[in-house]
Amino acid sequence: METVVSGIRSTGNLHLGNYYGAVKNFVEMQQNYRCFFFIADYHSLTTHPTPSNLQDTVKQVLIEYLAVGIDPEKSTIYLQSHVPQIAELYLFLNMNAYVGELQRCASFKDKIRAQPDNVNAGLLTYPVLMAADILIHKATKVPVGKDQEQHLEMARTFANRFNRMYKNNYFPEPYAFSFDKNLIKIPGLDGNGKMGKSEGEGNALFLSDTPEIIRKKVMKAVTDSGPTELNQSKPPSVQNLFDLLKVVASEDTYQHFEEQYNLCQIRYGDLKKQLTEDVIKTTAPIREKINDLSKNNDYIRKIARIGAEKARDNAQKTIKEVREIIGFNY
Ligand code: TYM
């Protein structure tokens, strides 16, 4: 059976981008694969959270993983920092990751632009830690959104380089994976770019948002003054709303608004109302579970403890073999 590894940084609540980009896939995946789902709390340290902020967000992501349908009986669900073997593999992989290739990574360049006062070494080696997360379980399938494609390519590079260096075939190649044909990029509500936790107020719709908040955010989303010619192409902000509608609404509903747009009869108020309704329909049952689980600290702690043990057992096997391959067997 093939192995799946997927992670989410503990930098905030899950939004629709996380849900459609990665999470929804792994709910289905756990039927057919050996699955490891984890919370990337080491990765979140690049933005220097306070201890209490770190603890709150880790707990929230764990709760939301469970609320969307990950079953701890079928899958292993754990915190990255509970598995020190990941940090050890990260150290080994860092020895043959080159500074030049890390500096060329698109996400590193984005971070330099976004946080010029905090360009730390953890940002530079972020893709190496991500490769360690995946290779520690020798995973071949990694459910991610489009934004992580380059990181997966780098994970393959590091795996292959290790294999070549030590003349073996130890690590399999991991690939980005989606149940849809293509990897997904869910847009934000602010008219540009993707939905993200750090993209600013109003950009993201969170699974934990109340219907009232969802309504407000969608109503404020950027549009334009409407099409003036038949079959006119859409400006990015309007295209974003259609892209969101496509994932949450039925095909008929989507086609209806597409037609209205092409005939210059679109009323953005109606489109936003429909989008609001369909987002609420998707998130309401999840939010209910989030609220229930939030009251159950003991259960959450127990799940994290069991997951850590299972993940560590598997990681230990890999690290033992890697140490032998490198020559640490004196
Ligand atoms: P993170 O926490 O930014 O996002 C978690 C997952 O959600 C996907 N995603 C999106 N997909 C589509 N549209 C969007 N707007 C959108 N925003 C986020 C991401 O692609 C991701 O799949 N580096 C990773 C965390 C990580 C990881 C790993 C993932 C660390 N180690 C090992 C897989 C395997 C990250 O920052 O994801």
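## Basis of the model

Local features in this predicted model need pLDDT of at least 70, side-chain atom pairs count only at pLDDT 80 or more, and totals for chains, interfaces and linings use all residues. Residues are numbered from 1 along each chain as its sequence is written, and side-chain values use heavy atoms, with hydrogens and water left out.

## The largest pocket

The largest pocket has a volume of about 1300 Å³, where a pocket is an open set of points on a 1 Å grid over the protein atoms alone, each fitting a 1.4 Å probe, with protein on both sides within 12 Å along at least five of seven lines, and lining residues have an atom within 4 Å of a point. Of the 50 residues in its lining, R9, Y126, D147, Q148 and K194 are the closest to its centre.

By class, this lining holds 19 nonpolar, 21 polar and 10 charged residues. The largest share of it, 6 residues, comes from α5, a helix (a DSSP run of H or I, at least four residues).

## E64 in helix α2

E64 belongs to helix α2, which covers residues 51–68.

## Positive phi angles

K138, in the loop between α7 and β4, has a positive phi near 50 degrees although it is not glycine. Phi of N231, another residue other than glycine, is near 55 degrees, and N231 lies in the loop between α9 and α10.

Terms used: Helix = DSSP H or I, 4+ residues; strand = E, 2+ residues; numbered from the N terminus. Points joined across faces, edges and corners; volume = space filled by probe spheres on them. Nonpolar A, V, L, I, M, F, W, Y, C, P; charged D, E, K, R; others polar.
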